[in-house]
Amino acid sequence: MTTAPESLAPQSFAPESLAPESLVPADLAPAPLDREAGYALLADLAGPAAASTLAGLDGLAPGFADWIVTALFGGTYQRPGLALRDRQVANLAALTALGGVEPQLADHVRNSLRIGMTREEITEVIVHLAPYVGVPKALAGLRVATATFAEAQQAQAVQTVETPQAASPAQDQDQDPDQDQDIAQGQDIQREAGA
């Protein structure tokens, strides 16, 4: 029977009393955590739907929703170095690659549309992932995006019916005539993928 070298033998650890400040290097940059900024950003990104989502989550796991908003939207999103659009591209890619998180991916597709990303850009982010994460995950991401685009279009149509406006020639020029075709193509992708 062989024994492990002494350096690999389990060590007995006696609890030591360490002052918390002794763990913090003198030059450690503090993490930005701004709860108010987090809620303001979430309101901009997700709109009024965020309130019911947060309330539901808080009912299940009190404090967890606030932690998410404070740490994520008031922390990670507040860091310098990436524009909000770039962060959304990263979110779309990560959630598509992860798979099995369709509600969160749909939220980030909606958020991406709200900050001005086009349907084409969102679609291309997901298509670009196919060789890296696999065709099935990319197709699943496209199904989520297609359904979210359709929901957004329906919501916009309802809003237009509720607040009709006379279209000016300038508004007609700003409309994307390919949007209906994009949705139809997305539905074709769903059918081909067996959605």
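**Reading pockets, cores and a cavity**

Guide: Welcome! In this predicted model, let's start with the second largest pocket, which is lined by 27 residues; Leu 42, Ala 46, Thr 53, Asp 107 and Asn 111 lie nearest its centre.

Visitor: What is the volume of the second largest pocket?

Guide: About 840 Å³.

Visitor: Which helix gives the most to the lining of this pocket?

Guide: A lining can draw on several elements. Here α1 (35-46), α2 (49-60), α3 (64-73), α4 (84-98) and α5 (102-114) each supply at least two residues, and α5 gives the most, with eight.

Visitor: How should I read a nonpolar core, and which residues have the most contacts inside the largest one?

Guide: A nonpolar core is a set of buried nonpolar residues joined through side-chain atoms. The largest one here has 16 residues, and those with the most contacts inside it are Leu 92, Leu 105, Val 109, Ile 122, Ile 126, Ala 145 and Phe 149. Two or more residues of this core come from each of α4, α5, α6 (119-133) and α7 (135-162). Another core, of seven residues, lies apart from it, with Leu 42, Ala 50, Val 69 and Tyr 77 among them.

Visitor: And how does a cavity differ from a pocket?

Guide: A pocket is open, whereas in a cavity the probe fits but cannot get out. The count here comes to one cavity of 30 Å³ or more, and the largest cavity has a volume of about 50 Å³.

Visitor: Which residues line the largest cavity?

Guide: Among them are Leu 95, Gly 99, Glu 102, Leu 105, Lys 137 and Val 144. α7 gives the most to this lining, with four residues, and the lining divides into five nonpolar, four polar and two charged.

Technical notes
Residues numbered from 1 in each chain as written. Predicted model: local features only at pLDDT ≥ 70, side-chain atom pairs only at ≥ 80, totals over all residues. Heavy atoms only, no water. 1 Å grid on protein atoms, 1.4 Å probe; cavity = no way out; pocket = protein on both sides within 12 Å on 5 of 7 lines; lining within 4 Å. Points joined across faces, edges and corners; volume = space filled by probe spheres on them. Core = buried A, V, L, I, M, F, W, Y, C linked by side-chain atoms within 4.5 Å. Buried < 20%, exposed > 50% of the residue type's maximum accessible area, 1.4 Å probe, protein only. Nonpolar A, V, L, I, M, F, W, Y, C, P; charged D, E, K, R; others polar.
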